[in-house]
Amino acid sequence: MVLLTLLARVTDGLPLSASIDNSSEKEQNLQVYQNQAKQLFRKLSPNSPSRCTLESGPMLMHYQIEQGVCFLIICHNNFSKKLAFNYLAELAQSFLERYASQIGQASRPYTFIEFETTIRKLMKSYTDTRSPKQLSKINNELADVQRIMVQNIEDVIQRGEQLSVLDNKANNLSMMSRQYKKESHQLNINAQQWKYIGGGVGFVLLFLFLRYWVF
């Protein structure tokens, strides 16, 4: 389930709105994760990946950036990734429809705190992940969320690396992996070709041997 939702402006990390699931506030030390999220906001830039997942102990942080706003949630690591990004997409659409023209003018934290009512309603609708509605969202989700970059939140905070740098590293590794697979495939083809060639040469030599030495 979604435990905490945070919205922040990407250019300066200014918090715009937030909502917490009160039923789980006592059993989870959410303040720690909230502080990590705020540190993450300060490391975002226009070049940061538009969608990302960060690991923090038993929790996951999923975020999505749209029109200069970072929409972030904190949830248990067994919460469906597809549902998480479906939630973020609905959240972003609802917020931007109402406040897109006002984001740049916000000068104080939680300028749009009244949006918390909308967040709560959306969080509640995603509470029961086994409901037919949520199962339908999982089955019909077209986005390939499995390819979204996953990083450890402590690595991002302690190393001080921008997420854009980490994203470039991930992309480079992905390209290297694809190149390796391509080269391995070609080597397999070449090996098969040499196998057939070797077999053909062996047959010719055997034929010549039988022709000139036996007959």
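Buried means under 20% relative accessible area, exposed over 50% and partly exposed in between, computed with a 1.4 Å probe on protein chains only. This is a predicted model, in which local features need pLDDT of at least 70 and side-chain atom pairs count only at pLDDT 80 or more, while totals for chains, interfaces and linings use all residues. Residues are numbered from 1 along each chain as its sequence is written, and side-chain values use heavy atoms, with hydrogens and water left out.

**View 1. Helix H2 and its buried residues.**
Helices (H or I, at least four residues) and strands (E, at least two) are DSSP runs, numbered from the N terminus. In H2, the buried residues are Leu 30, Tyr 33, Gln 34, Gln 36, Ala 37, Leu 40, Phe 41 and Lys 43. Seen down the axis of H2, these buried residues fall within an arc of 165 degrees, so they line one face of the helix. The arc is that of the directions from the helix axis to the C-beta atoms. Helix H2 covers residues 30-43, and at 1.5 Å a residue its 14 residues should span 20 Å; the end C-alpha atoms are 20 Å apart, which agrees. The expected span is 1.5 Å times one less than the number of residues in the helix.

**View 2. The whole chain, for orientation.**
The chain holds seven helices and six strands. Along the sequence they follow the pattern β-β-α-α-β-β-β-α-α-α-β-α-α. Of the 215 residues in the chain, 41% are buried. Among contacts (heavy atoms within 4.5 Å) with a separation of 6 or more, 65% are between residues 24 or more positions apart.

**View 3. Strand S1 between its pairing partners S2 and S5.**
Two strands pair if DSSP finds at least two bridges between them. Strand S1 (residues 2-9) runs antiparallel to S5, with seven bridges joining the two. Along this pairing, Leu 4 stands opposite Ile 74 and Leu 7 stands opposite Phe 71. Strand S1 is also antiparallel to strand S2 (residues 15-20), through five bridges, and here the bridge partner of Leu 4 is Ile 20. Eight of the eight residues of S1 are buried, so the strand is largely enclosed by the rest of the structure. The hairpin of S1 and S2 has five residues between the strands, and in it Gly 13 takes a positive phi near 75 degrees.

**View 4. Strand S5 and its hairpin with S4.**
Strand S5 (residues 69-76) is mostly covered, with seven of its eight residues buried. Eight bridges join S5 to strand S4 (residues 59-66), and these two strands run antiparallel. Glu 66 has Val 69 in S5 as its bridge partner. Two residues lie between the strands in this hairpin, where Gln 67 takes a positive phi near 50 degrees.

**View 5. Helix H3, its N-terminal cap and Phe 85.**
Helix H3 covers residues 81-99; at 1.5 Å a residue, its 19 residues should span 27 Å, and its end C-alpha atoms are 27 Å apart, which agrees. Ser 80 caps the N-terminal end of H3, with a side-chain oxygen 3.3 Å from the backbone nitrogen of Lys 82. The buried residues of H3 include Leu 83, Ala 84, Tyr 87, Leu 88, Leu 91, Phe 95 and Tyr 99. Phe 85, also in H3, is buried, with a relative accessible area of 3%. The C-alpha atoms of Phe 85 and Tyr 63 are separated by 7.8 Å, although the two residues are 22 apart along the chain.

**View 6. Salt bridges of the model.**
Side chains of opposite charge can pair when their charged atoms come close. A salt bridge is a side-chain nitrogen of Lys or Arg within 4 Å of a carboxyl oxygen of Asp or Glu, and by this rule the count comes to two. One joins the side chains of Arg 9 and Asp 12 at 2.7 Å, N to O. Arg 9 counts as buried at 11% relative accessibility, whereas Asp 12 is partly exposed, with a relative accessible area of 43%. Another joins the side chains of Glu 116 and Arg 120, also at 2.7 Å, N to O. Being four residues apart in helix H4, Glu 116 and Arg 120 are separated by about one helical turn. Arg 120 is partly exposed, with a relative accessible area of 34%.

Not counting residues up to four places away in sequence, Glu 116 touches Ser 17, Ala 18 and Ser 19.

Technical notes. Polar contact = N/O pair within 3.5 Å; in protein donor to acceptor, adjacent residues only side chain to side chain.
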